[in-house]
Amino acid sequence: MIQQQNNMQTASTNNMVASPNMARNVNHGAHEVLDVHEVISGTLGTIDQYLMFEQQIKDPELKHILVRQRQFITDQYNVLVECFSTGQDPSHPTTSYKMNQSNDVIYGMKSSQPTKPKQSAAEIDDKCLSSIMLSCMKTSAQTMTMAAGEATNPIVRRVLQDSIPNYLEMAYEIFLYQNKKQFYQVPQLKEEDMQHMVNAYVPTNGAQNMQTNQQNRILQ
């Protein structure tokens, strides 16, 4: 009986020692694995949707944006999958997406017909498709932000973190296209209200006061 208890205790101790070693070899935490799976799955969905949209888009400018973004997203997908599966540096780092749109935003509202759900596939137009593209980019940026905040593998975290600005850039590119086509109108407050809101806050000299107090303590 005593020998059996000793054997059980030894086995338990061995298991306790093995667990940290196994965790180091796997190189990923459970939370990270679940989050990154969600990111990769969402990225796959975006690539597939972009492929379908390419056949439906009528405006050459929007189609050009879609093709460029799909190529970029596919490369980012490959980088993330590689570093996630190996836990090591990918064959090439993440790159920066450069949009072709100007940063000019058209402000103001013009009267238009109210929007309602489409009743047939024939009603799907460039406004609808570009709106879905914008939603995909915003959702991807949010999902990657959540995953990067708690990723245990430093390489996977860096790839996720570096990818977030790219998805925001692609989202902004689609927003600018929609705004130019008056698909996405930007209202403004009255000038008086706008000035009140813009000037509602002023900088603080708190940092300067803290530095002065620290210097005074040193002199004392």
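Axes here are lines fitted to C-alpha atoms, for helices over the stretch in contact, and angles run from 0 to 180 degrees between N-to-C directions. Keep that in mind for the second stop.

What you have open is a predicted model, in which local features need pLDDT of at least 70 and side-chain atom pairs count only at pLDDT 80 or more, while totals for chains, interfaces and linings use all residues. Residues are numbered from 1 along each chain as its sequence is written, and side-chain values use heavy atoms, with hydrogens and water left out.

**Stop 1: the whole chain**

Colour by secondary structure and you will find seven helices and zero strands. Helices (H or I, at least four residues) and strands (E, at least two) are DSSP runs, numbered from the N terminus. Of the 220 residues, 30% count as buried; buried means under 20% relative accessible area, exposed over 50%, and partly exposed in between (1.4 Å probe, protein chains only). Looking at contacts (heavy atoms within 4.5 Å) between residues at least 6 apart in sequence, 79% join residues at least 24 apart.

**Stop 2: α4 and α5**

Select residues 126-148 for helix α4 and 154-180 for helix α5; the two pack at an angle of about 160°, their axes 8 Å apart. That makes α4 roughly antiparallel to α5, a label for angles over 145 degrees. Their contact is made up of 16 nonpolar residues, seven polar and four charged. Here Ala, Val, Leu, Ile, Met, Phe, Trp, Tyr, Cys and Pro count as nonpolar, Asp, Glu, Lys and Arg as charged, and the others, Gly among them, as polar.

**Stop 3: helix α2**

Now select residues 30-56. Helix α2 has 27 residues and reaches 40 Å from its first C-alpha to its last, close to the 39 Å expected at 1.5 Å a residue; the expected span is 1.5 Å times one less than the number of residues. Show side chains for its buried residues, among them V36, V39, I40, I47 and F53. The buried residues of α2 pack against α3 (60-86), α4 and α5.

**Stop 4: two loop residues**

Go to P93, in the loop between α3 and α4. P93 counts as exposed, at 59% relative accessibility.

Finish at Q182, in the loop between α5 and α6 (191-198). Most residues other than glycine have a negative phi. Phi of Q182, however, is near 65°, a positive value. Q182 is partly exposed, with a relative accessible area of 42%.

Terms used:
Parallel < 35°, antiparallel > 145°, perpendicular 65-115°, else oblique.
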